[in-house]
Amino acid sequence: MDSYRQIFENNKKWVQSKLASDEHFFEKLARDQKPHFLYIGCSDSRVPANVIMGLDEGEVFVHRNIANLVVGTDSNINAVIQYAVEFLEVKHIIVCGHYGCGGVKAALHPSDMGQLNSWLQTLRDVYRIHQDELDKMDDPKQKFDRLVELNVIEQCVNIAKIDHVQRKWNATGFPQVHAWVYDLHNGLLKELDIKLAEYFSSIRSIYDLKIPED
Ligand code: CO
C-alpha cells in the first residue's frame, strides 16, 4: 500500500483505539473546544505540536508557519490570535522555534529563495536588530542556534504589539506569552527566560496602543 492510502488505514486504527478507551470520545470532543494554550510553531514535519507537548485532542489551538513568525500584516495569524484570545480565552500563548530550522538558516545567508524572500525578510530583520550580538559569534552553529532563540523572542514581542492581546492584558492580565525552543536532537523543549513584561515596558512608548479597559 502506498504511503498516501496508508493514511486512511491509520485513521481507522486511530478511531478504533480512541473508541476502545472511551466509546463517547468523539461525541464529547465534538461538543466544544476550550484549550488553554495557543501554540505558534514552525511547519517543520519533525515538530508536531500535540506530540511534543504530550497534549490530547482539544487541549491546544495550533498555528504553524515557516519559522514560527508573527507578522503584523499576516491576516491568517492575526485571525488565529484574535480568536484564541477573545473567544477561546487561552491563558498561554507559546511561540516555539526549533534548532536546525531551515527558514532561520536561509536568513543567515544571502540566497534568492523566490516566493520565500518576503517571508524570510522578517527573519533578516531579527538578524539586523541583533547583529551586534550575532556577528561576534565565530562558531556558525552557535550563531544559528542564537538566531533561532532571538527569532522566538522577537515573535513574542510581536504578539505584545497586537491590539487584541493588549486589550485582554488590560482587562485580565492574560494571556501569558512564552518563548520555547525545541531541540530536534534530543526531543526536549526549553523555555527561554525572556522577561517579556520587562522588555515590553522598555518599548511601551512605541507599541502601547493605550486601549482602555472594558
Ligand atoms: Co523550522
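This report describes the fold, the sheet, the cores and selected helix contacts of a single chain.

The model is predicted, so local features are reported only at pLDDT of at least 70 and side-chain atom pairs only at pLDDT 80 or more, while totals for chains, interfaces and linings use all residues. Residues are numbered from 1 along each chain as its sequence is written, and side-chain values use heavy atoms, with hydrogens and water left out.

**Overall architecture**

The chain has 11 helices and 5 strands; helices (H or I, at least four residues) and strands (E, at least two) are DSSP runs, numbered from the N terminus. Along its principal axes, the C-alpha trace spans about 55 × 50 × 30 Å. Of the 214 residues in the chain, 42% are buried. Here, buried means under 20% relative accessible area, exposed over 50%, and partly exposed in between, with a 1.4 Å probe and protein chains only. Contact means heavy atoms within 4.5 Å. Among contacts in the chain with a separation of 6 or more, 64% are between residues 24 or more positions apart.

The 5 strands form an open sheet in the order 2-1-3-4-5, with mixed pairing. Two strands pair if DSSP finds at least two bridges between them. Strand 2 (60–65) and strand 5 (189–191) are the edge strands, each pairing on one side only. Neighbouring strands of this sheet are turned by 25° against each other on average, direction ignored. The angles are taken between axes, which are lines fitted to C-alpha atoms, for helices over the stretch in contact; they run from 0 to 180 degrees between N-to-C directions.

| Strands | Sense | Bridges |
|---|---|---|
| Strand 1 and strand 2 | parallel | 6 bridges |
| Strand 1 and strand 3 | parallel | 5 bridges |
| Strand 3 and strand 4 | parallel | 7 bridges |
| Strand 4 and strand 5 | antiparallel | 3 bridges |

Individual residue pairs can be located in the sheet. C42 has N65 of strand 2 as its bridge partner, and I40 stands opposite V95 in strand 3. V95 in turn has A179 of strand 4 as a bridge partner, while G97 stands opposite V181 in strand 4. W180 stands opposite E191 in strand 5. The hairpin of strand 4 and strand 5 has 6 residues between the strands, and G187 in this hairpin takes a positive phi near 80°.

Because 5 of its 6 residues are buried, strand 1 is largely enclosed by the rest of the structure. Strand 4 is mostly covered, with 6 of its 7 residues buried.

**Nonpolar cores**

A nonpolar core is a set of buried Ala, Val, Leu, Ile, Met, Phe, Trp, Tyr and Cys residues joined through side-chain atoms within 4.5 Å. The largest such core has 48 residues, and L38, I40, I81, V104 and I159 have the most contacts inside it. Elements that each supply at least two residues include strand 1 (37–42), helix 4 (75–87), strand 3 (92–98) and strand 4 (176–182). Helix 8 gives the largest share, 10 residues. Leaving aside neighbours within four places in sequence, I81 is in contact with L38, I40, V70, I159, I162 and V165.

A second, separate core of 11 residues includes Y39, V47, I52 and Y182. Y39 lies in strand 1 and is buried, with a relative accessible area of 0%. Not counting residues up to four places away in sequence, Y39 touches residues including V47, I52, F61, H63, I94 and C96.

**Helix contacts**

The axes of helix 6 (residues 116–129) and helix 8 (residues 140–160) come within 10 Å and cross at roughly 105°. The two helices are therefore roughly perpendicular to each other, a label that covers 65 to 115 degrees, whereas angles under 35 count as roughly parallel, over 145 as roughly antiparallel and the rest as oblique. Helix 6 contributes T122, L123, V126, Y127 and I129 to the contact, and helix 8 contributes K143, L147, L150, N151, E154 and Q155.

In helix 9 (residues 163–172), H164, V165, Q166 and K168 are buried. The buried residues of helix 9 pack against helix 4, helix 8, helix 10 and helix 11 (204–207). Just after helix 9, G173 takes a positive phi of about 85°.
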